[in-house]
Amino acid sequence: MSSDPLLQPYKLKHLTLRNRIIVTSHEPAYPEDGMPKERYLAYTVERAKGGVAMTMTAGSAAVSKDSPPVFNNLLAYKDEIVPWIRQMTDAVHEEGAAIMIQLTHLGRRTRWDKGDWLPVVAPSHHREASHRAFPKKIEDWDIERIIKDFADAAERMKAGGMDGVELEAYGHLIDQFVSPLTNELDGPYGGSLDNRMRFCMDVFKAIRSRVGDDFILGVRYTADERLPGGTGMSEGIEISKRLKQSGLIDYLNVIRGHIDTDAGLTDVIPIQGMANAPHLDFAGEIRAATNFPTFHAAKIPDVATARHAIESGKVDMIGMTRAHMTDPHIVRKIIEKREDEIRPCVGANYCLDRIYQGGAAYCIHNAATGRELTMPHIVAKADSRKKVVIVGAGPAGLEAARVAGERGHEVVVFEAASDPGGQIRLTALSPRRKEMMSIIDWRMAQCEKHGVTIRFNAWAEAETIEAENPDVVIVATGGVAHTDVLSKGNEFVVSSWDIISGDAKPGTNVLIFDDAGDHAALQAAEFLAGAGAKVEIMTPDRSFSPEVMAMNLVPYMRSLQKLDVTFTVTYRLESVEKNGNQLIANVGSDYGGISKQRVVDQVVVNHGTIPLDDIYFELKPKSTNHGEISQDELIAGQPQSVVRNAQGQFQLFRIGDAVSARNTHAAIYDALRLAKDI
Ligand SMILES: Cc1cc2nc3c(=O)[nH]c(=O)nc-3n(C[C@H](O)[C@H](O)[C@H](O)COP(=O)(O)O)c2cc1C
Ligand code: SF4
């Protein structure tokens with residue numbers, strides 16, 4: 001048996017967990033009609049197949065109708081959920097993993113204009129900054145109803161074959177009772193710590209009496225809100241002890257922090273550039289103070305840190321949740337001594353930000369996550385070996401090369417630059433975002449493993465490519481910054497890329513016109529203001545940086561507010577004129593009837609990219625398909641069969657930003673779904 005601390009089994013009451021790695025509760029927003037159907041099932045089972053000890057499914061399934069999901073969660077208050085849960089638990093158990101589910105009532109952390117349009121309830125009228133609903137102050141009959149709802153939901157989960165349930169007690173209703181900041185009740189449920197914990201205890205009592213002893217109960221709770229007037233560390237330790245002493249639960253799952261603001265949430269679930277394992281020592285203190293089974297997750301992205309968490313005795317089970325969204329097969333790779341092949345989580349939080357803004361959670365660089373029904377995590381070998389030539393070694397080109405290599409094809413990549421990475425290399429120039437380079441480094445290592453040849457400093461002409469005698473050519477040349485968007489004065493502006501790359505010297509008084517709304521404008525602002533410039537970011541949109549999304553915005557704001565960068569929304573830069581050493585920026589508005597000027601010494605335009613597509617159009621007439629991709633075949637997961645030119649020499653495809661400006665995930669998804677069927 002292995003001596004690896006991570007691979008030691010753990011006995012949690014009657015349950016034997018096969019190792020020490022868990023996936024903590026997270027809602028990927030895959031439910032259909034509030035039920036975990038085929039897509040949810042496939043996602044969950046993939047992680048069980050990958051070897052994880054236990055998966056905590058759902059991000060807090062809702063126990064009551066007045067806890068409507070704000071994005072897309074499971075509805076544990078419906079009886080019809082039981083067979084769906086049973087299908088999932090059976091499949092996960094079959095793979096040797098345990099499975100639990102997190103239950104919650106969101107309290108004020110939701111909205112009244114969702115679900116059945118019921119008022120939201122909380123132990124005070126204070127609204128939560130993130131979700132904005134002004135709550136009704138909860139009444140005695142609400143409390144009785146919700147306690148019963150919890151017990152009913154737990155009973156459903158047991159009937160569905162779950163090994164246990166975990167209650168969500170940070171930021172949601174249970175914690176809103178516990179925290180002095182959100183509880184303004186008198187009497188049995190407000191005031192003293194005993195009273196504030198009464199709701200939590202009553203819920204556990206009701207559940208335990210319903211589900212019996214042979215069912216795991218746990219709580220994920222904040223033991224230190226890190227807010228003035230909130231639950232502090234010493235009270236948190238007292239809460240932890242009381243939870244243990246209640247005899248009602250089987251483990252503690254420790255959180256440190258608060259989630260009522262985007263910034264608070266980001267400190268609880270840290271993003272790239274923030275420290276790894278920031279709350280692990282704290283979880284260790286709780287374990288030492290309680291001597292009770294302790295779980296924890298918060299940016300443990302790599303196996304070495306996870307191993308340290310267990311080996312040092314800080315926790316009993318360690319969560320690697322986003323890490324499993326990036327690579328569901330972590331444990332299997334540890335067992336097979338292939339740790340170096342684990343696809344690394346780069347902390348981009350595209351997964352999390354998307355559940356609010358874009359619907360389902362996707363991993364920035366694993367396009368198979370959440371698409372297990374159609375996309376493979378392990379690519380199958382092709383029936384016959386082809387010669388595949390790829391132009392460009394950015395994320396799209398390297399993903400295509402990795403997948404084609406894994407399929408057993410002979411793959412040659414031409415890259416004009418001396419290094420791989422394309423736009424990601426620029427992104428990673430921000431110290432806070434350098435983890436992004438792992439997206440490239442992992443693909444380079446995989447390409448090497450699969451015998452892919454990469455030629456750097458190689459500007460591919462049509463003849464170079466034809467000389468390779470390819471069966472398939474994939475153009476993944478990306479794009480270049482597009483600044484030609486003004487009615488006059490385009491020659492006076494620079495791009496956000498010019499600033500980030502250092503090709504343009506920072507000005508002292510700078511206007512950034514951002515109508516792409518993505519990272520590049522903020523990144524350029526950080527470079528400029530960091531170099532001492534006064535910076536204004538102007539956008540014609542209703543809000544700034546709409547593509548950056550909530551948690552990704554937090555580190556930028558923490559940096560840009562200190563640097564005094566200002567934001568102006570709903571104004572459009574129309575033209576620029578030169579006036580001596582200065583530039584006059586003429587500003588209008590899509591709403592009409594306004595004309596203003598700014599006098600600055602530098603104007604930066606951030607307007608996405610235009611495709612670098614010369615090589616594609618040169619090759620097009622020589623290809624069998626004239627570059628056409630059958631969308632039906634692509635979506636159905638079938639090989640491309642378009643023939644428009646029987647005399648053509650090869651199939652030609654174009655992917656990523658070489659088609660149109662999108663994002664890293666889109667580029668990688670383009671590549672995976674095309675190359676997996678070549
Ligand atoms: C898409 C997504 C949804 C999440 N939803 C929940 C949730 O509903 N309840 C919860 O307790 N944690 C939720 N989390 C937080 C995770 O359980 C975990 O604490 C967090 O991702 C930090 O751990 P990690 O660094 O290992 O990913 C969510 C995380 C993700 C990525
Ligand atoms: S999107 Fe980023 S944070 Fe989320 S799982 Fe993927 S790599 Fe990790």
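Helix axes are lines fitted to C-alpha atoms over the stretch in contact, and angles run from 0 to 180 degrees between N-to-C directions. Helices are DSSP runs (H or I, at least four residues), numbered from the N terminus. The model is predicted, so that local features need pLDDT of at least 70 and side-chain atom pairs count only at pLDDT 80 or more, while totals for chains, interfaces and linings use all residues. Residues are numbered from 1 along each chain as its sequence is written, ligands are numbered from 1 in the order in which they are written, and side-chain values use heavy atoms, with hydrogens and water left out.

Helix α12 packs against helix α19 (residues 550-562) at an angle of about 120 degrees, and the two axes lie 7 Å apart. Helix α12 is therefore oblique to α19 (angles under 35 degrees count as roughly parallel, over 145 as roughly antiparallel, 65 to 115 as roughly perpendicular and the rest as oblique). Contact, meaning heavy atoms within 4.5 Å, joins Tyr 350, Leu 352 and Asp 353 of α12 to Ala 550, Met 551 and Asn 552 of α19.

The shell around ligand 2 includes Arg 322, Met 325, Thr 326 and Tyr 350, a residue being near a molecule if one of its heavy atoms lies within 4 Å of it. Two or more residues come from each of α10 (321-326) and α12 (350-357), and α10 contributes the most, with three.

Thr 326 is located in α10. Thr 326 is buried, with a relative accessible area of 2% (buried means under 20%, exposed over 50% and partly exposed in between, for a 1.4 Å probe and protein chains only).
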